[in-house]
Amino acid sequence: MPSEHGLATHYISSARVPMLLESLAALEKPTYAQVNEAIEDLPTDPVSPLSGAIRTALDSAFSQETVEGIVAKLKTFTTDDKGADVLQWAKDTLATLEERSPTSLKIALMAIRKGKLLGLLECLRMELGIATAFCVSSLFDPLLYVLANCSLARCFVRLSYRSHLCADR
């Protein structure tokens, strides 16, 4: 089943993986077409809960430039007449965001936006740098410094240096 989330050409639930592996194991020299057919022949998965009107609302809310903009847009969905599904999704999403640290939400949004322009290895390095900064210090100064001023090739060196400076404070 093609993915409507834009992440892959096909999606199957984890419950269907054993069936797919069994089908693939039966192929002697699988071709792309045979693998595709094996995936297509699987029973269909239930429709994603993030489709239709909810997907439209999700795209609209999370296309905002700032966390504050995202929250404001979500709040409009709790008062607009977009349907009960969208209303409940917006309320649940707002509740989840309100449980999180505003700083961590801003850092996550910045990382996602920056990561969109990077390759996989660069994204993994950036995420490691962010995780390391959170672990090394309770202060966000080193993390914000890394995100604002470092090229990814120098992140680890500067993060380590800045973390030692913060530890001495």
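Q: Partly exposed covers relative accessible areas between the buried range, under 20%, and the exposed range, over 50%. With that in hand, is K106 buried, partly exposed or exposed?
A: Keep in mind that this is a predicted model. K106 has a relative accessible area of 42%. Since buried needs under 20% and exposed needs over 50%, K106 comes out as partly exposed.

Q: Which residue does K106 meet in a salt bridge?
A: The N-to-O distance for this pair is 2.8 Å, inside the 4 Å cut-off for a salt bridge. K106 sits in helix 6 (residues 102-115) and its partner in helix 4 (residues 67-77), so the bridge ties together parts 38 residues apart in sequence.

Q: How many residues apart in helix 3 are D59 and R55?
A: These two form a salt bridge, with their closest N and O atoms 3.0 Å apart. D59 is partly exposed, at 39% relative accessibility. Both belong to helix 3 (residues 52-61), where about one helical turn separates them, and the spacing is 4 residues.

Q: How many salt bridges does the count come to?
A: Going by the distance rule, the count comes to 3.

Q: At roughly what angle do the axes of helix 1 and helix 2 cross?
A: Helix 1 (residues 17-25) and helix 2 (residues 32-40) have axes that come within 10 Å. L20, S23 and L24 in helix 1 meet V35, A38 and I39 in helix 2, and these contact residues split into 5 nonpolar, 1 polar and no charged. The crossing is right-handed. The angle is roughly 145°.

Q: Which element of the chain has the lowest mean pLDDT?
A: The chain averages a pLDDT of 79, with 73% of the residues at 70 or above. Helix 4 has the highest mean of the elements, at 95. Over residues 155-169 pLDDT stays under 50, and the model has 24 contacts beyond four places in sequence for that stretch. The lowest mean, 46, belongs to residues 155-167, helix 9.

Terms used:
Residues are numbered from 1 along each chain as its sequence is written. This is a predicted model: local features need pLDDT of at least 70, side-chain atom pairs count only at pLDDT 80 or more; totals for chains, interfaces and linings use all residues. Side-chain values use heavy atoms; hydrogens and water are left out. A salt bridge is a side-chain nitrogen of Lys or Arg within 4 Å of a carboxyl oxygen of Asp or Glu. Helices (H or I, at least four residues) and strands (E, at least two) are DSSP runs, numbered from the N terminus. Buried means under 20% relative accessible area, exposed over 50%, partly exposed in between (1.4 Å probe, protein chains only). pLDDT is the predictor's confidence in each residue, from 0 to 100. Contact means heavy atoms within 4.5 Å. Axes are lines fitted to C-alpha atoms, for helices over the stretch in contact, and angles run from 0 to 180 degrees between N-to-C directions. A crossing is left-handed if the near helix is turned anticlockwise from the far one by less than a right angle, and right-handed if clockwise. Ala, Val, Leu, Ile, Met, Phe, Trp, Tyr, Cys and Pro count as nonpolar, Asp, Glu, Lys and Arg as charged, and the others, Gly among them, as polar.
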